[in-house]
Amino acid sequence: MHTYTDPVLVEDLAVAYGKVTALNGVNLRIGAGTVLGVLGPNGAGKTTLVRVLSTLQRPSRGTARVMGHDVVADPLSARLSIGLAGQYAAVDQELTGRENLEMVGRLYRLPRAEARRRAGDVLERFDLTGAADRRVGTYSGGMRRRLDLAASLTGRPPVLLLDEPTTGLDPRARLELWTIIDELRAEGTTVLLTTQYLEEADRLAQRIAVVDAGRVIAEGTPEQLKAGIGTDILHIRLHDPARVEDAATLLADVGAAVTTDPHSADLTVRVTRPEASAEALRRLDRGGVTVATIQLTRPSLDDVFLSLTGRAATTVLEETR
């Protein structure tokens, strides 16, 4: 019998659709009770990775194991070890919420009474008891998403695969799901979370993998990835937007790079020295450019994405929605 130390282990995983390579030599491992956030634009390979781990897609090469079960050699055992929630709620709108969950429990091979009991438990956990016996077609989008996540937990799987689960949710529903994911991790559930929201990965994940063009181009804790840039960010807002380009010229050699926003009075400077803030103020003052605000911050995950790919994540992700 294969022994394992990590609930999810991926080695040299590749998937090709004809001439298109969706994954190309991916290596990942997820420790028990850990959320791994997988970041990347549409087409990067995130959903393909989830499909392989959930036994819905056969890899072209490499191996993937869930709780020690090879997803190709032993797909049934792998399926019984996972819960899956995707971008769109996969629930039957003609059934009630309770009926949906009891059906999932039966698919996990639970006895009828146990499936009914677990359905009641997760309905309570996801604050759906009051709507349990209503047809799902009457649910709001946030309620359907909560029911979908509840369904993925009915079998109490040790591994949860979440493929952009908060896409399209309003801010309140998104925060509710964040709380639930935090609670599941604290209880020992291992989570793979693909997302296009940088703040979501920063908030929930203990480790992050950045995927681009089918490859993992960086992996580490959020702080490790931010520290890897090697620069802090100086944010400056001017009183007069017309002086932005003048300010950029004055600050050209204060940091590693200066970025301006043509639609505002803002500019950012990547700096490696804490005294750069004072130097920037002195230069702008000598040049007659008045500063409204100035702030020195650590890099964000958007800065990490820009550094790794040469593209701003916020721009890339908006374009791919």
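Helix axes are lines fitted to C-alpha atoms over the stretch in contact, and angles run from 0 to 180 degrees between N-to-C directions. Helices (H or I, at least four residues) and strands (E, at least two) are DSSP runs, numbered from the N terminus. The model is predicted, with local features requiring pLDDT of at least 70 and side-chain atom pairs counted only at pLDDT 80 or more, while totals for chains, interfaces and linings use all residues. Residues are numbered from 1 along each chain as its sequence is written, and side-chain values use heavy atoms, with hydrogens and water left out.

The axes of H3 (residues 97-107) and H4 (residues 112-125) come within 8 Å and cross at roughly 130 degrees. H3 is therefore oblique to H4 (under 35 degrees counts as roughly parallel, over 145 as roughly antiparallel, 65 to 115 as roughly perpendicular and the rest as oblique). The crossing of H3 and H4 is right-handed (the near helix is turned clockwise from the far one by less than a right angle). Contact (heavy atoms within 4.5 Å) involves Arg98, Leu101, Glu102, Gly105 and Arg106 of H3, and Arg112, Ala115, Arg116, Ala119, Gly120, Val122 and Leu123 of H4. These residues comprise five nonpolar, two polar and five charged (Ala, Val, Leu, Ile, Met, Phe, Trp, Tyr, Cys and Pro count as nonpolar, Asp, Glu, Lys and Arg as charged, and the others, Gly among them, as polar).

H3 also packs against H5 (residues 141-153), with axes that come within 9 Å and cross at roughly 25 degrees. H3 and H5 are therefore roughly parallel to each other, and their crossing is right-handed. Gly97, Asn100, Leu101 and Val104 of H3 meet Leu147, Ala150 and Ala151 of H5. Five of the residues in this contact are nonpolar, two are polar and none is charged.

H5 packs against H6 (residues 171-186) at an angle of about 15 degrees, the axes lying 10 Å apart. The pair H5 and H6 is therefore roughly parallel, with a right-handed crossing. On H5 the contact is made by Gly142, Arg145, Arg146, Leu149 and Leu153, and on H6 by Ala173, Glu176, Leu177, Ile180 and Leu184. Six nonpolar, one polar and three charged residues make up the contact of H5 with H6.
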